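Good morning, and thank you for coming. Please look at the model on the screen while I describe it.

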Amino acid sequence: MTVLAAPDAQPKASLYINGVAVEGQGAELAVHYPYTGEVIASLREASTAQVAEATAAAAAAQPAWAALRPIERGRVLIRAAQIIRERAEELALLETMDTGKPIQETRVADWPSGADALEYFGGLAATVTGQMIPLGGDFVYTIREALGVCAGIGAWNYPSQIACWKAAPALVMGNAMVFKPSEETPLGVLKLAEILTEAGLPAGIFNVVQGRGAVGAALVTDPLVAKVSLTGSVATGQKVYAAAAEGMRHVTMELGGKSPLVIFDDASLEDAVGAAILANFYSSGQICSNGTRVFVQEGILPAFLERLSQRLESVKIGDPLDEDTQHGPIVSPVQAGKIRAAIAKGEAEGARLVCGGQGEGAFVPPTVFADAGDEMFIVREEIFGPVMSVLSFADEAEVVARANASPYGLAAGVFTRDLARGHRMAAALQAGTTWINAYNLTPVEAPFGGVKLSGFGRENSAAAIEHYSQLKSVYVATGGVDAPY
Ligand code: NDP
C-alpha cells in the first residue's frame with residue numbers, strides 16, 4: 001500500500017480572464033477534500049461584472065482566433081494535450097483532491113480523456129470543409145463558421161474531462177469559451193486555462209469564472225453568449241435550455257439518466273458481472289451513463305447475484321490517495337445524504353438489500369438491491385451514487401418495453417453471445433449510446449449524448465463540430481441578373 005502525499009491545491013487566483021489569473025469579487029467558495037472534509041482551497045465567486053468582463057474578453061479575442069488557419073488552432077490544442085500528458089501525475093493528484101475519486105481512476109480516466117479530446121479535435125481542425133453545390137452554371141458553397149462566444153457549464157463528477165470535452169471542439173472551430181465549473185470541483189479547469197495559455201492560446205479565448213448556480217445563470221443569459229453547453233442534471237438542463245431560448249442560443253445538454261443494462265442467459269456471466277460492476281460503482285457511482293437498472297434474464301439471476309456479491313467482497317474502499325483504493329468517498333455530504341435517502345427508500349419499498357447499504361461518513365459502499373420493481377423510486381430516479389437495482393425478465397420483447405419505459409435515454413447495454421440479438425436490441429433501445437458486451441466506454445472517436453430527457457446534441461467525434469459551428473450558404477451567380485421588370 002502506497003499512500004501518496006496530498007499536493008497543495010490552492011490556485012493562484014479563482015478566475016481566469018483574458019489570459020490572466022484574477023481573484024473573484026463575489027462570495028467565498030471553500031473547496032473541501034471529499035475524503036476528510038478538510039478545506040484545501042479558498043476561492044471567490046465571480047461577480048456579475050466579472051462574468052460580463054469574461055464574455056467581453058472572449059468576444060474581443062474571438063474574431064482574430066477564428067481568422068487563423070484551422071491547422072494553427074489545432075496545433076495549440078495538440079500542444080496542450082502534450083503538456084497534460086507531461087504533467088499527468090500532478091494533474092491526477094489535483095483531480096483526486098477536487099473530486100475524492102481514487103488516484104487509480106484519475107490517473108487513467110479524467111485528464112487522459114481530456115487530452116484525447118484536445119488531440120482529436122486538434123487533428124480534426126484542418127479537415128473541416130464546406131460543400132460545393134452545383135446549380136448548372138451558378139453554384140452555392142457552404143462555410144462552417146464559428147458561433148462566437150460559447151458558455152461551458154460543468155458537473156462535479158468529471159470536472160477536467162468535461163472542460164476539455166467542451167473546450168476542444170469549441171476552440172478548434174474558432175469560438176471563444178467562458179467556462180464555469182461546478183462549485184464543488186473548481187480546481188482542474190484553472191489548470192486547463194493555464195495549460196492552454198502555455199500551449200499558445202491567445203488571451204481571452206478560454207476563460208474561467210467560478211460560482212454557484214446564479215453565476216451559471218448570469219453566464220447563460222449574457223448578451224454576448226451565442227451557445228451554452230451544459231453537463232448537469234435534468235432539472236438544471238430544463239432551466240438552462242429555457243433561459244438560452246430567450247436569445248435563441250444554441251445548446252448542448254448532457255444530462256442525467258437511468259440507463260438499462262440487459263443481460264441475457266447466453267452471455268458470459270463473468271463479463272456481465274464485471275460490466276455491471278463498472279456500470280454502477282466506478283467513480284463511486286457518480287457517472288451519468290451508469291447502467292443502474294440491471295435486467296437479468298430469470299434463469300441466470302441466482303448465479304448472477306451470487307457471483308456479483310462474491311466479487312464485491314474484495315473491493316478496497318478508503319483513502320483516495322492510497323494507490324490500492326478502488327472505491328472512494330462521495331463528492332460531498334449533501335450528495336451522500338441524497339444517496340442514503342434513496343437507499344432507505346429502496347428498503348422501505350421492499351427491495352432486497354443484497355450487499356452494501358448506508359455506509360459511514362463520506363463513504364457509501366457498492367450497494368445492490370434485488371427483487372426490485374419497475375415502479376420503485378430506486379428504479380425510476382437517478383441516484384448518482386453506487387446503487388444498483390437488479391430486475392429479472394423473461395424475454396426480449398418484455399425487456400425492451402420495460403427498459404424503454406423511462407423518461408431518460410442516455411445509454412444502454414446488452415450482454416449476449418447472440419450478436420443478431422445484440423444488434424436488434426441496440427436498435428430497439430431508446431438511448432444515445434448502446435454498448436454490446438461492454439459498458440461505459442466513451443472513446444473520443446464516438447459521439448456521446450442522450451435522447452429524451454437525457455439531453456440534446458452530441459459531444460466527442462466529428463459530430464460535435466456541428467454543435468459548435470453554423471452553416472453559411474454563399475450563392476455565386478456566374479451569369480447576368482434576369483429581372484422581370
Ligand atoms: P447540477 O445540474 O446540479 O449542476 C450542473 C452545473 O450547472 C453546475 O456547474 C451548477 O453550478 C450549474 N447550475 C446550477 N443551476 C444553474 C442555473 N440555473 N443556470 C446555469 N447553471 C446552473 O448537476 P451536478 O453538478 O449535481 O451533476 C450531477 C448531474 O450531472 C447528474 O444528473 C448527472 O447525470 C449529470 N451528468 C451528466 C453527464 C452527461 O454527459 N450526460 C456527465 C456527468 C454528469 P453549481 O454546482 O455550482 O450549483
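How many helices and strands are there in the protein chain? The chain has 15 helices and 22 strands, taken as DSSP runs numbered from the N terminus, with at least four residues of H or I for a helix and at least two of E for a strand.

This is a predicted model, in which local features need pLDDT of at least 70 and side-chain atom pairs count only at pLDDT 80 or more, while totals for chains, interfaces and linings use all residues. Residues are numbered from 1 along each chain as its sequence is written, and side-chain values use heavy atoms, with hydrogens and water left out.

I turn to the overall form. The C-alpha trace spans about 80 × 55 × 40 Å along its principal axes. Of the 485 residues, 56% are buried, meaning under 20% relative accessible area with a 1.4 Å probe, protein chains only.

Next, helix H6. Helix H6 covers residues 188-198, and its buried residues include Val189, Leu192, Ala193 and Leu196. After H6 comes glycine 200, with a positive phi near 110 degrees.

Finally, glutamate 254. An unreviewed UniProt entry places the feature "active site" at Glu254; such annotations may be inferred rather than shown by experiment. The residue is found in strand E11, residues 250-254. Is glutamate 254 buried or exposed? Glutamate 254 counts as buried because its relative accessibility is 4%. Beyond its neighbours within four places in sequence, glutamate 254 is in contact with several residues, among them Lys166, Thr231, Arg458 and Glu459; contact means heavy atoms within 4.5 Å.

How values were computed
Buried < 20%, exposed > 50% of the residue type's maximum accessible area, 1.4 Å probe, protein only.
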